[in-house]
Amino acid sequence: MYTIRGMKDRLKLGKYLLQKRLEAELTQRTLGSSLGFTSGQFISNYEKGLAPVPLSSIKVLIKILKLDPYRVVELIQEERLSYLLDELNLESRKIRSHRR
């Protein structure tokens, strides 16, 4: 289960998706339809950080929204790192200092 920190990092990807969707002038419903959904609710959940974006959807979103794939990977890595740190009850500064 995601904690507050994990949700905050998931929200970073969600905000990025929202920004790019608006730049592309697409509605949540239109974008959701491109992913095979019948409504825009899934897109709303992604943008609000309420649900993780499946890899199959990420591939399509990168194409449709012309996302920087490296930025997407970076945001997902931050989300996963936060999740792991929370699950292991570690602080991020301690992990980073042990990487060297």
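The model is predicted, so to speak of local features a pLDDT of at least 70 is needed, side-chain atom pairs count only at pLDDT 80 or more, and totals for chains, interfaces and linings use all residues. Residues are numbered from 1 along each chain as its sequence is written, and side-chain values use heavy atoms, leaving out hydrogens and water.

Let's start inside. The largest nonpolar core has 16 residues; such a core joins buried Ala, Val, Leu, Ile, Met, Phe, Trp, Tyr and Cys residues through side-chain atoms within 4.5 Å, where buried means under 20% relative accessible area (1.4 Å probe, protein chains only). Among those with the most contacts inside this core are Leu13, Leu17 and Val72. Helix 1 (4–23), helix 3 (41–47), helix 4 (55–65) and helix 5 (69–87) each give two or more residues to the core; helices here are DSSP runs of H or I, at least four residues, numbered from the N terminus.

Leaving aside residues up to four places away in sequence, Leu17 touches Tyr46, Glu47, Val53, Leu61, Leu65 and Leu67, with contact meaning heavy atoms within 4.5 Å.

Next, the rings. The centres of the Phe37 and Phe42 rings are 4.1 Å apart and their planes lie at 20°, so the pair is stacked (centres within 6.5 Å, planes under 30 degrees apart).

Technical notes:
Buried < 20%, exposed > 50% of the residue type's maximum accessible area, 1.4 Å probe, protein only. Phe/Tyr/Trp six-rings, centres within 6.5 Å; stacked < 30°, edge-to-face > 60°.
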